[in-house]
Amino acid sequence: MSNPIIRRVELSIPGTMGFGNAYAIVNGERAALIDTGMASAQNVDALQTQLGKWGHTFGSLDKVVCTHFHPDHCGLSRQFQDAGTDVFLSSTDAAALEFWQQSASVDRRMATFYGEHPLPSNFSSSVLPSFSFLRSLQEEFHPCILGSDGSLVDLAGIPFEVIETPGHTDGHVCLLQREMNVLITGDHVLPNTIVNIAFGQQSRFDSALSQYMQSLRRLALLGPLDVYPGHGIPFKNLATRCLDLLQQHRQKVQQVLDALTLKPVGAFELSCLVFGEKRRPFSKWLNMAQTISCLEYLALQQQASCLQKGNMLYYMRVE
Ligand SMILES: [Zn+2]
């Protein structure tokens with residue numbers, strides 16, 4: 001290895017004050033990229049300028065690896081593919097991406113949480129514009145498939161180990177470089193925020209939150225690595241942050257459990273009770289998703305039960 005360098009490129013998230021990170025691994029003449037940011041002219045400009053400083057273009061990279069299929073992590077992938085650079089995603093998230101790319105009718109199903117949860121009548125129409133907006137920030141592309149857990153992926157001549165970390169999405173991965181003491185964490189471990197956890201049909205019987213927490217425990221055992229997160233500034237000591245996040249998620253689960261009674265209640269009603277009723281429709285949607293992930297976790301732990309009335313799901317505390 002000839003002094004490889006990890007460079008952070010800050011990329012904007014349109015419509016918010018937030019930003020996301022792409023990381024370039026620069027090793028002599030070679031370079032690779034982890035995550036691309038959302039599709040916007042501003043982000044194309046930022047990436048072209050930064051890569052240009054290191055003597056690279058979209059087409060000269062070894063490859064791009066995306067930690068997961070969300071638009072703020074792989075939205076610009078198409079531009080790299082069109083320039084001749086392969087973009088890799090885990091097989092699970094490649095399938096999730098294909099589902100998401102199928103058509104806008106997917107948005108309607110997601111807005112109604114697959115029609116399984118009782119919602120206020122105007123809810124889905126109020127949240128749909130947020131999905132269209134997100135859709136506009138991701139150009140359609142067809143990823144190459146990343147190796148599974150434990151396999152090595154070569155990034156500019158440096159071997160990184162793929163660590164599958166399901167939870168935030170079912171196919172989320174982190175990338176480990178032990179000799180450099182580095183873990184690239186995508187959205188699995190962030191410095192300042194607690195991430196949303198996947199929910200839905202796949203995860204109902206195999207709680208995504210439970211998988212997320214297992215992934216955190218596993219990462220905590222890797223020790224005091226330097227963390228390169230998908231949002232925020234890189235920081236030290238992975239294990240401490242993992243334990244901290246575990247504690248915060250346990251608290252959220254406890255809040256949901258405390259609000260449950262023996263009277264069946266829908267997830268939306270419960271999310272307003274626990275997290276307050278948000279003004280922005282997409283914040284309501286995220287809170288609802290968070291509540292469902294806690295309920296699925298509690299059901300798996302046999303502390304809550306889920307019952308179906310008609311086509312709808314309701315939850316109650318287990319006596
Ligand atoms: Zn994400």
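**Helix packing**

Author: Ala267, Phe268, Leu270, Ser271, Val274 and Phe275 in H9 meet Asn287, Met288, Thr291, Ile292 and Leu295 in H10. Contact requires C-beta atoms, placed from the backbone, within 7 Å; helices are DSSP runs (H or I, at least four residues) and strands likewise (E, at least two), numbered from the N terminus. This is a predicted model, where local features need pLDDT of at least 70, side-chain atom pairs count only at pLDDT 80 or more, and totals for chains, interfaces and linings use all residues. Residues are numbered from 1 along each chain as its sequence is written.

Reader: At what angle do H9 and H10 pack?

Author: Two packed helices are described by the angle between their axes and the distance between the axes. Here H9 (residues 267-275) and H10 (residues 281-300) pack at about 100 degrees, with axes 9 Å apart. H9 and H10 are therefore roughly perpendicular (65 to 115 degrees).

Reader: Which residues of H8 are buried?

Author: A residue is buried if 20 or more other C-beta atoms lie within 10 Å of its own, exposed if 12 or fewer, and partly exposed in between. In H8 the buried residues are Leu238, Arg241, Cys242, Leu245, His249, Val253 and Val256. Down the axis of H8 they fall within an arc of 115 degrees, so they line one face of the helix. They pack against strand E10 (182-186), helix H7 (208-220), strand E11 (226-229), H9 and H10.

Reader: What does the face of H8 turned away from its buried side carry?

Author: That face carries the exposed residues Gln247, Gln248, Arg250, Gln251, Gln254 and Asp258.

Definitions and conventions: Axes are lines fitted to C-alpha atoms, for helices over the stretch in contact, and angles run from 0 to 180 degrees between N-to-C directions. Angles under 35 degrees count as roughly parallel, over 145 as roughly antiparallel, 65 to 115 as roughly perpendicular and the rest as oblique. Two residues are in contact if their C-beta atoms, placed from the backbone, lie within 7 Å. The arc is that of the directions from the helix axis to the C-beta atoms.
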